[in-house]
Amino acid sequence: MTEIKQSLLKFSGFFRMIHEINERYKHPKIKMTPMVKISLLALRLYLLFMLALLLYKFIQLTII
Amino acid sequence: MSIWSKLYYYLHRVLKFIKIFAAVAGPGIIVMVADNDAGGITTYAVTGAKYGYSLLWFLVLLGPIAYCVQEMTVRLGAVTKRGHAEAIFDAFGSFWGWFSLLDLAITDLLTMITEFIGMTAAMSIFGLPVPVTVLIVWIIMATMILQGRYWTWEKIALVLCLINLIYIPAALLIHPSVSDILHHSFIPHIPLGGFTNDLFFLLMANVGTTIAPWMVFFQQSTVVDKGMQEKDIPFGKIDTAVGSLLTIFVAVFLVVVTGTLLYGVQVDSAADAAIKLMSINPYIGAFVAIGLFDAGLLGAICISLASSWAFGEVFGWAHSLNNKIREAPWFYAYYFFTLLVAGTVVMIPGAPLVLITLFVQVVATTLLPAALVFLILILNNEELMGKYKNTTVQNILNFSIVIGLVLLSTGYCLSVMFPNLFT
């Protein structure tokens with residue numbers, strides 16, 4: 001019982017650590033110039049495209 | 001001042017320069033030579049067998065491109081004293097930070113498996129069973145970091161870099177035509193048969209193997225762990241330039257070997273090339289196999305450290321090779337975790353190794369644009385970089401390189417996912 005409790009405590013510690021990291025880096029420190037905004041938008045679109053391709057491939061391999 | 005005094009003064013300056021360079025050099029050479037990992041060696045072996053010397057000019061062209069990208073990590077690391085993962089979290093917030101970190105972790109773990117595939121394939125040529133090779137690799141990689149000193153690790157890594165040059169004597173043994181090599185290296189041309197899908201695939205594969213996302217993370221973390229200062233940046237740049245020269249040497253000489261002896265022969269991998277070379281010349285076959293093992297080992301060492309450093313930076317764990325295991329337990333735990341997982345996967349009978357190898361390309365392609373774009377954007381932040389920020393010329397050059405790399409690596413990824421797309 002004590003071991004399970006300790007494991008749960010360790011896990012909660014891990015999640016707390018992630019929460020702290022999220023808080024620490026909540027706001028981007030880089031100055032949001034037009035170049036930065038356009039680059040981040042392009043990256044988002046690129047990743048969505050890649051994600052869509054991966055999903056399509058996954059469906060193609062498993063269902064079709 | 002007499003001529004002897006002038007000569008003494010000049011020699012003193014040269015010696016001083018060499019001394020400082022020897023102290024600063026390391027990260028650039030290691031990352032660039034490690035870039036020719038097991039996957040890279042396979043790509044070069046296949047390139048030579050399929051197109052002979054015809055694509056040497058393309059490999060030569062990739063050297064300066066790799067230099068331009070990696071040089072930015074030297075400046076960023078030396079100025080901010082932060083690794084790339086931490087720099088992304090800090091500049092772009094937690095969303096992009098977690099995306100980069102987790103993508104890096106997955107890419108690195110999968111790439112580690114491909115390094116183990118390369119190493120075990122190379123050693124099986126000498127009759128060594130897979131578990132024995134894995135055990136040997138585990139012992140070497142553990143020994144390298146257990147002494148808790150960055151310098152010792154770096155010296156061992158540099159020795160491995162030196163062994164990677166084994167393709168040079170291998171090429172010299174077959175007495176290739178120097179004029180042919182020079183002609184194909186410096187005069188760009190499309191090989192016989194024109195611009196086919198196969199050629200496009202191989203060009204993209206060569207690009208994909210020359211610039212990998214882990215390299216950006218690795219070199220920046222190494223620069224920080226080594227303690228390089230702003231004054232060391234010029235030496236760091238020379239170090240990177242020497243490294244890019246060596247990486248091209250390795251690529252060119254291996255293409256010369258397979259392009260001379262295996263031209264027109266179907267080659268599927270570097271191990272396959274080594275086996276076929278054994279029947280032509282046992283020494284050259286053995287050299288290629290040793291080089292493949294060394295490339296896999298060097299790649300595995302750098303890739304596992306790239307992830308460990310990244311996690312250490314973000315989670316705030318002690319994350320230096322100068323720390324003993326008890327001082328940085330999580331840093332080393334992650335290093336051993338990737339090592340054990342990759343080695344174990346290779347030993348599983350019937351593991352989907354081909355699928356893993358292909359999947360690496362897909363995952364790496366999602367991370368590469370982000371890592372490179374973040375690098376350039378941070379390098380343009382005057383508040384952070386001061387006088388070391390990118391100049392207009394560097395921006396034009398680097399943005400062109402990044403756009404080109406993203407297009408080619410995406411094309412490669414697409415052709416891996418949909419093999420009939422470009423036919």
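Chain A has two helices and zero strands. Chain B likewise has zero strands, and its helices number 18. Its radius of gyration is 21 Å, close to the 22 Å that the globule rule gives for 423 residues, so chain B is as compact as a globular protein of that length. Along the principal axes, the C-alpha atoms of chain B fill a box of roughly 65 × 55 × 40 Å.

Keep in mind that this is a predicted model. Its scores are ipTM 0.81 and pTM 0.87. For chain B the mean pLDDT is 87, with 98% of its residues at 70 or more.

In chain A, 5% of the 64 residues count as buried. In chain B, buried residues make up 53% of the 423. Taking the contacts in chain B between residues at least 6 apart in sequence, 85% join residues at least 24 apart.

## Where the chains meet

The contact draws 19 residues from chain A and 18 residues from chain B. On the chain A side, the elements that give two or more residues are α1 (2-24) and α2 (34-62). The largest share, nine residues, comes from α2(A). Sorted by class, this side of chain A has twelve nonpolar, three polar and four charged residues.

Which residues touch the most other members of the largest nonpolar core? They are V288(B) and L292(B), in a core of 141 residues. Not counting residues up to four places away in sequence, V288(B) touches A170(B), V257(B), A270(B), A273(B), A274(B) and L277(B). In soluble globular proteins, nonpolar side chains tend to be buried together.

Helix α14 of chain B covers residues 282-315. At 1.5 Å a residue, its 34 residues should span 50 Å, and the end C-alpha atoms are 50 Å apart, which agrees. Of those 34 residues, 29 are buried, so α14(B) is largely enclosed by the rest of the structure. After the helix comes G316(B), with a positive phi near 75°.

Most residues other than glycine have a negative phi.

| Residue | Phi | C-beta neighbours inside 10 Å |
|---|---|---|
| K81(B) | near 60° | 14 |
| H175(B) | near 45° | 8 |

K81(B) sits in the loop between α4 (56-80) and α5 (84-124) of chain B. With its 14 neighbours, K81(B) counts as partly exposed. H175(B) lies in the loop between α8 (167-173) and α9 (178-186) of chain B. Is H175(B) buried or exposed? With 8 neighbours, H175(B) counts as exposed.

## A last stop at L158(B)

L158(B) belongs to helix α7 (residues 150-164) of chain B. There are 14 other C-beta atoms within 10 Å, so L158(B) is partly exposed. Leaving aside neighbours within four places in sequence, L158(B) is in contact with G26(B), I29(B) and I30(B). L158(B) and V33(B) are 125 residues apart in sequence, and their C-alpha atoms are 9.2 Å apart in space.

Technical notes:
Residues numbered from 1 in each chain as written. Chains lettered and ligands numbered in written order. Predicted model: local features only at pLDDT ≥ 70, side-chain atom pairs only at ≥ 80, totals over all residues. Helix = DSSP H or I, 4+ residues; strand = E, 2+ residues; numbered from the N terminus. Expected span 1.5 Å × (residues − 1). Buried ≥ 20, exposed ≤ 12 C-beta atoms within 10 Å, placed from the backbone. Contact = placed C-beta atoms within 7 Å. Nonpolar A, V, L, I, M, F, W, Y, C, P; charged D, E, K, R; others polar. Rg over C-alpha atoms; globule rule 2.2 N^0.38 Å. Core = buried A, V, L, I, M, F, W, Y, C linked by C-beta atoms within 7 Å. pLDDT = per-residue confidence, 0-100.
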